[in-house]
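I opened the model and kept notes as I went. The entries follow.

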Amino acid sequence: MDSHSRVVIVGGGQAGIQIAESLRQEGFTGVLTLLGDEPHPPYQRPPLSKKWLIEGGAVGALSLRGSAAIERLRITLRPDTRVRAIERVRNVVELADGSVLPYDRLAIATGSLPRTLPVPGASLSGVLSLRGIADSLAIGQAIRICADEKRPVVVVGGGFIGLEVAAAARKLGAQVTVLEGLPRLMSRVTAPVVSETFARLHRAHGVQLVFGAQVAEIVGREGRVSAVRTADGQEYPAGCVVVGIGVEPDDLLARSAGLLCERGVVVDDCARTSEATIVAAGDCTARRLPNGELVRLESVQNAIEQGKSGAAALMGRERPFANAPWFWSDQYDVKLQMVGLSRGYDQVVTRGDLAKPAYSAFYYRAGRLLAVDSMNRVPDHMQSKRLLDHGVWPTPEQAADPQFELTSLLKVPPATTPAATPGGAATAGGA
Amino acid sequence: MTRITYVEPDGRPVTLDLKPGQSLMRAAMDAGLEGIEAQCGGNCACATCHCYVQPEWLDKLKPPSDDEQFMLSNVAAERRPNSRLSCQLIAEDALEGLTVQFPDRQS
């Protein structure tokens, strides 16, 4: 790659801007084009279901890098630009306006799309889902109208997005009903004890939680949502409905271009796709672990780390992403921080005060630490992150003992610590 | 405007003018400085906007909150007595002329 080389990045979110920035840091001197399908420069998505949804504010407050940064990094940013196809034979991307953009190397960072409810009425006015700034604005506005008109907000899905929106809606003064299909909240990613904590929290804030709710139909009047009907015949009146039932990787362009995709663009630890000149990063990817399993992570950290890996790979260098995955969620006054992947755990112990809540749940498989969920326990989270990255961990008895200093384990000389990272590359799991 | 100087990990100084109330992290991200990551976007949740404050300025800053203290105890680079998270440092007149240095790594 030289100063005449052209890199095109498809997708102007967290992963896209990271690839661009890291490419410059890796010494790329060529032409760098970042294509985004939204009107905004790259911005942070996590606040869209948290603080920004409640408080609103300028769009600029969400920006990831200012225009000065974009200019200094010599990135040609093209917002509002949709890509119609990637043509690998000609090494061009075809844009929605019919023009073509040639590349020498390509990066795919197309993100994910919210799942839609496969039921009648799902496209009625007032049925909303969250992906971008425009969606967050629409949801905020709908919640405020519901609060004014004293009509309930119905949230479909008791996962992170659904619960954060529920918390925001309560803060904005609306009545809220959460319909969850499974018997508990956030069941894909947390233990029952943590689900129970959040159920108590939401009920204490006046949210109606309904479990085992299979949405059968969204009922409307004059094209506008009025209720949600579940399979057992119950009807839940609704001024608006927010659907938060997970996302699907947006791998359509990659798949159409013939890249290997399996619910996401398949990449290795270095963000390389099945094609040597193309990398992919962020929500749109499915990472192949050394044991052959595929892991999908939808997180800021994953977008950043894969973005760095992808930039290095485009420059012909290997920079694997092996750190333990971490996430966070804000609901009311509880800060939930998670590190590692708990899938496949066979034991959970808690540390701290469950009632407050101010505790952490430690997940083990065969005595080995997989993951830690911390609620208002920042020190546990930060220390667990380091433990998992260093491949050391407390026994379940030590973890459960609040007097036991987790950091004491990090003082062990490195030569005696196991090499593998339990929450990192050696662990399979989906989030 | 508050004039703040950031020293990149390679020793290069960059001086920026901050608006009152803007965090040192926000301004550094907007300017595209290299020594900062700020993965969580200013929520005091990731410790990847770590910086070293010139020691003589320490007294002039609001002391770190408990959460910031905890985050600082686990930063990726060496923690020093003058370590702070730049998302928690807010521009005000009293900080005119402050210099902060970014560590060699954030994650």
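Which residue does Arg288(A) stand opposite in β21(A)? I looked it up: the residue is Leu294(A). I keep in mind that this is a predicted model.

**Sheet.** I then traced the strands around that pair. Strand β20 (residues 285-288) of chain A and β21(A) run antiparallel, joined by two bridges. They belong to an open sheet of three strands, ordered β18-β20-β21 (chain A), with mixed pairing. I checked the edges next. β18 (265-267) and β21 (294-295) of chain A each have a single partner strand, so one side of each lacks a neighbour in the sheet.

**Domains.** I noted the division of chain A: domain 1 (6-113 + 248-314), domain 2 (127-245) and domain 3 (326-416). Over C-alpha atoms, the centres of domain 1 and domain 3 of chain A are 32 Å apart.

**Core.** I looked for the largest nonpolar core and found 151 residues in it. Ala107(A), Ile108(A), Val241(A) and Ala280(A) have the most contacts inside it. Helix α5 (residues 160-171) of chain A supplies the largest share, eight residues. I followed up Val241(A). Beyond its neighbours within four places in sequence, its contacts include Gly126(A), Leu128(A), Val154(A) and Ile218(A).

**Contact between chains.** I counted 22 residues from chain A and 16 residues from chain B. On the side of chain A that touches chain B, α3 (67-72), α8 (300-314) and α9 (378-390) of chain A each give two or more residues. α9(A) gives the most, with six residues. I sorted that side of chain A by class: twelve nonpolar, six polar and four charged residues.

Technical notes
Residues are numbered from 1 along each chain as its sequence is written. Chains are lettered from A and ligands numbered from 1 in the order in which they are written. This is a predicted model: local features need pLDDT of at least 70, side-chain atom pairs count only at pLDDT 80 or more; totals for chains, interfaces and linings use all residues. Two residues are in contact if their C-beta atoms, placed from the backbone, lie within 7 Å. Helices (H or I, at least four residues) and strands (E, at least two) are DSSP runs, numbered from the N terminus. Ala, Val, Leu, Ile, Met, Phe, Trp, Tyr, Cys and Pro count as nonpolar, Asp, Glu, Lys and Arg as charged, and the others, Gly among them, as polar. Domain bounds come from an automatic or database domain assignment. A nonpolar core is a set of buried Ala, Val, Leu, Ile, Met, Phe, Trp, Tyr and Cys residues joined through C-beta atoms within 7 Å. A residue is buried if 20 or more other C-beta atoms lie within 10 Å of its own, exposed if 12 or fewer, and partly exposed in between; C-beta atoms are placed from the backbone. Two strands pair if DSSP finds at least two bridges between them.
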